[in-house]
Amino acid sequence: MYSKDQASQIKQAFWTAYGQYMALQPSAEGLRINWINYKTGIKHLAFKMQVDKKSAWIGIEMSHPDLAIQQLLFEQFEEYKKLLSGTLGEEWKWEIHTIDEYGKTVSKIHIGLPDVSIFKQDDWPKLISFFKPRMIALDEFWNDAKHGFELFK
């Protein structure tokens with residue numbers, strides 16, 4: 001078991017390693033990009049990556065406090081479902097109005113990787129190999145689709 005400080009240092013080390021690994025990868029527009037804190041340009045819409053001691057997931061999270069607007073955002077993604085699935089090359093789980101780990105209502109489009117731990121350095125290559133192509137694909141999708149979300153700015 002790790003102390004709170006040790007756990008925080010391990011998590012920071014993983015995300016730093018991931019960030020350094022991705023730093024050479026340009027965005028779909030050929031620009032330098034912060035892959036860890038990806039900016040969609042729309043408030044309450046994020047591309048997220050999470051990993052803990054049991055699993056990892058990557059996805060699109062809509063967290064608008066107005067649930068009607070959150071639903072409209074989700075429905076807009078449904079309009080782009082074919083493009084998103086085609087760009088990702090796989091089917092992701094779609095969840096509208098689910099409760100996150102903080103008790104907040106969010107909608108998500110995501111995929112998970114079970115049986116990995118941020119605390120096992122041997123799992124880090126697996127985690128990076130899981131996150132990297134999917135984050136690049138999300139960026140490619142967003143480059144093509146973001147104009148259809150302008151009304152949410």
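Basis. I worked from a predicted model, in which local features need pLDDT of at least 70 and side-chain atom pairs count only at pLDDT 80 or more, while totals for chains, interfaces and linings use all residues. Residues are numbered from 1 along each chain as its sequence is written, and side-chain values use heavy atoms, with hydrogens and water left out.

Pockets. I took a pocket as an open set of points on a 1 Å grid over the protein atoms alone, where a 1.4 Å probe fits, with protein on both sides within 12 Å along at least five of seven lines; lining residues have an atom within 4 Å of a point. Volume is the space filled by probe spheres set on the points, which are joined across faces, edges and corners. The second largest pocket holds about 200 Å³. Of its 13 lining residues, I36, N37, Y38, A46 and F47 lie nearest its centre.

The largest pocket has a volume of about 280 Å³. I found Q50, V51, D52, W57 and E101 nearest its centre, among 13 lining residues. This lining divides into seven nonpolar, two polar and four charged.

Helix α3. I used DSSP runs for helices (H or I, at least four residues) and strands (E, at least two), numbered from the N terminus. Buried means under 20% relative accessible area, exposed over 50%, and partly exposed in between, with a 1.4 Å probe and protein chains only. In α3, residues 81–88, the buried residues are L84, S85, T87 and L88. They line one face of the helix, because seen down the axis they fall within an arc of 165°; the arc is that of the directions from the helix axis to the C-beta atoms. The face turned away carries exposed K82 and G86. The buried residues pack against β2, β3, β4 and α4; contact means heavy atoms within 4.5 Å. Just after α3, G89 takes a positive phi of about 75°.

β3 and β4 pair in the antiparallel sense over five bridges; pairing needs at least two bridges found by DSSP. W94 stands opposite I109 in β4. Five residues lie between the two strands of this hairpin, and G103 in the turn has a positive phi of about 85°.

Conventions
Ala, Val, Leu, Ile, Met, Phe, Trp, Tyr, Cys and Pro count as nonpolar, Asp, Glu, Lys and Arg as charged, and the others, Gly among them, as polar.
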